[in-house]
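Thanks for coming, everyone. Please bring the model up on your screens, and I will walk you through the parts I looked at.

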Amino acid sequence: MGVLWATAAPPAAAQRCAEPHYRWTEKVDTLLARPDPVPTTITAILTGWAPPDLTARDRCADRSGRERTVYGVAGWVRRVDKRKDDGDWHVELTERPDSPPDSCIVVEIPSPRYGAVYAQARASLDSLLGKRAVGKNTLVARPRRVRVFGPAFLDGEHRRGAKMRIRDPHGRCNSSIRALWEIHPVYRVAGSEP
């Protein structure tokens, strides 16, 4: 009996997570790119979406619940950071062009090497921003209203334990723990009139 136990594979829970970044497989997956998006608003996300109990320890967690739904969200582009260490474009959206900067949500567009859909989303964002200056601090000189489409994603890596606080900066989107909700990955970007 002892010999059988010694040669058996370790339980699945004991296996080491091999993701290169927090929940990376979920962040670059294109499998949800086809469903029709469900419309929502930044205000609804920041005031009504309860966050699941994901933290930095959940590095390999699969999508669940709300994260399996593709949403369409309109907002004003306030900041664009194209130099993240994981290759994603980090975009901050607010409900209005004059909303407080910390009342934003993050939307992220992965590198085109993970799918042509991301190359198109990046090209669309660049086209919509046009000649609007994006400064060294990544701020957009004149905010532009866009609509993004992609699945919800709770970036629990920034959560401080089980508490309802943000552990470290999530861009400027730190108004509440609900600001850890993102649209990630973004499959499509389109113009949106106010």
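Residues 24 or more positions apart make up 72% of the contacts in the protein chain with a separation of 6 or more. Contact here means heavy atoms within 4.5 Å.

A word on where this comes from. This is a predicted model, where local features need pLDDT of at least 70 and side-chain atom pairs count only at pLDDT 80 or more, while totals for chains, interfaces and linings use all residues. Residues are numbered from 1 along each chain as its sequence is written, and side-chain values use heavy atoms, with hydrogens and water left out.

Now the layout. The protein chain has 4 helices and 7 strands. Starting at the N terminus, the order is α-α-β-α-β-β-β-α-β-β-β. Helices (H or I, at least four residues) and strands (E, at least two) are DSSP runs, numbered from the N terminus. Of the 194 residues, 45% count as buried. Buried is under 20% relative accessible area, exposed is over 50%, and partly exposed is in between, with a 1.4 Å probe and protein chains only. The chain exposes about 10,300 Å², and carbon and sulfur atoms supply 54% of that. The areas come from the Shrake-Rupley method with a 1.4 Å probe; for residues, only the protein chains shown count as cover.

Next, helix H4. H4 covers residues 116–129, 14 residues in total. From first C-alpha to last, H4 reaches 20 Å, close to the 20 Å expected at 1.5 Å a residue. That expected span is 1.5 Å times one less than the number of residues. Which residues of H4 are buried? They are Tyr 118, Ala 121, Arg 122, Ser 124, Leu 125, Leu 128 and Leu 129. These cover an arc of only 160° around the axis, so they sit on the same side of H4. The arc is taken over the directions from the helix axis to the C-beta atoms. Ala 116, Gln 120 and Ser 127 are exposed on the other side of H4. What covers the buried residues? The cover includes helix H2 (24–28) and strands S2 (70–81), S3 (89–94), S4 (104–109), S5 (139–154) and S7 (188–191). Just after H4, Gly 130 takes a positive phi of about 55°.

On to the disulfide. The structure holds 1. The criterion is a pair of cysteine sulfur atoms within 2.5 Å. Cys 17 and Cys 60 form the disulfide, with their sulfur atoms 1.6 Å apart. Cys 17 is in the loop between helix H1 (2–7) and H2, and Cys 60 is in the loop between H3 and S2, so the pair links distant parts of the chain, 43 residues apart. The torsion about the S-S bond is about 75°, so the disulfide is right-handed. Both ends count as partly exposed: Cys 17 at 26% relative accessibility, Cys 60 at 35%.

Aromatics next. A pair of aromatic rings is described by the distance of the centres and the angle of the planes. Rings of Phe, Tyr and Trp (its six-membered ring) pair if their centres lie within 6.5 Å; planes under 30 degrees apart are stacked, over 60 edge-to-face, the rest tilted. There are 5 aromatic pairs. One of them is Tyr 22 with Phe 153, edge-to-face, 6.5 Å centre to centre and 80° between the planes. Tyr 22 lies in the loop between H1 and H2 and Phe 153 in strand S5, so the pair ties together parts 131 residues apart in sequence. Tyr 22 is buried at 2% relative accessibility, and Phe 153 is buried at 0%. The rings of Trp 24 and Tyr 114 have centres 5.7 Å apart and planes at 75°, so that pair is edge-to-face. Trp 24 is in helix H2, Tyr 114 in the loop between S4 and H4, 90 residues apart. Trp 24 is buried at 6%; Tyr 114 is partly exposed at 27%. Trp 49, Tyr 71 and Trp 181 form one aromatic cluster.

Leaving aside neighbours within four places in sequence, Pro 52 is in contact with Leu 154, Arg 159 and Trp 181. Pro 52 lies in the loop between helix H3 (42–48) and S2.

Last, backbone geometry. Most residues other than glycine have a negative phi, and most peptide bonds are trans. Arg 23 has a positive phi, near 50°. Arg 23 is in the loop between H1 and H2, and is buried at 0% relative accessible area. A cis peptide bond joins His 184 and Pro 185, with omega about 5°.
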